[in-house]
Amino acid sequence: MDILTLFNDPSNQLLQIVFLCLAVFRLYLEIMGFKFENLPITSKMSNGKNFHRTGLYFSIGYILFTAPAFLLA
């Protein structure tokens with residue numbers, strides 16, 4: 001099974017919607033000013049701020065690359 005057809009297959013539309021909702025929720029938390037540095041696991045990591053900043057970039061990228069497909073479909 002090819003990994004690209006796994007996520008582009010119409011039968012996995014529910015999975016894509018769940019991931020898109022999680023990405024939007026992550027962006028919402030960032031806008032509302034949630035302090036990710038205060039989470040228990042992050043406080044034990046040495047580069048916790050960079051870890052969550054990378055997650056923000058992944059969330060924005062996922063929204064930009066998948067939301068148009070749902071809006072145009």
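Biologist: Which helix holds the place of Thr66?

Modeller: Thr66 sits in helix H4, residues 48–72. This is a predicted model: local features need pLDDT of at least 70, side-chain atom pairs count only at pLDDT 80 or more, and totals for chains, interfaces and linings use all residues. Residues are numbered from 1 along each chain as its sequence is written, and side-chain values use heavy atoms, leaving out hydrogens and water.

Biologist: What makes a run a helix or a strand?

Modeller: Both are DSSP runs, numbered from the N terminus: helices are H or I with at least four residues, strands E with at least two. The chain has four helices and zero strands. Its pattern reads α-α-α-α.

Biologist: Why is Thr66 called buried?

Modeller: Buried means under 20% relative accessible area, exposed over 50%, partly exposed in between (1.4 Å probe, protein chains only). Thr66 has 15%, so Thr66 counts as buried. Across the chain, buried residues make up 22% of the 73 residues.

Biologist: Why is Leu15 called partly exposed?

Modeller: Leu15 has a relative accessible area of 34%, so Leu15 is partly exposed. Leu15 lies in helix H2, residues 13–32.

Biologist: How do you know that a polar atom of the Thr66 side chain lies by the backbone oxygen of Tyr62?

Modeller: The distance between them is 2.5 Å.

Biologist: What share of the contacts with a separation of 6 or more joins residues 24 or more positions apart?

Modeller: The share is 57%. Contact means heavy atoms within 4.5 Å.

Notes. Polar contact = N/O pair within 3.5 Å; in protein donor to acceptor, adjacent residues only side chain to side chain.
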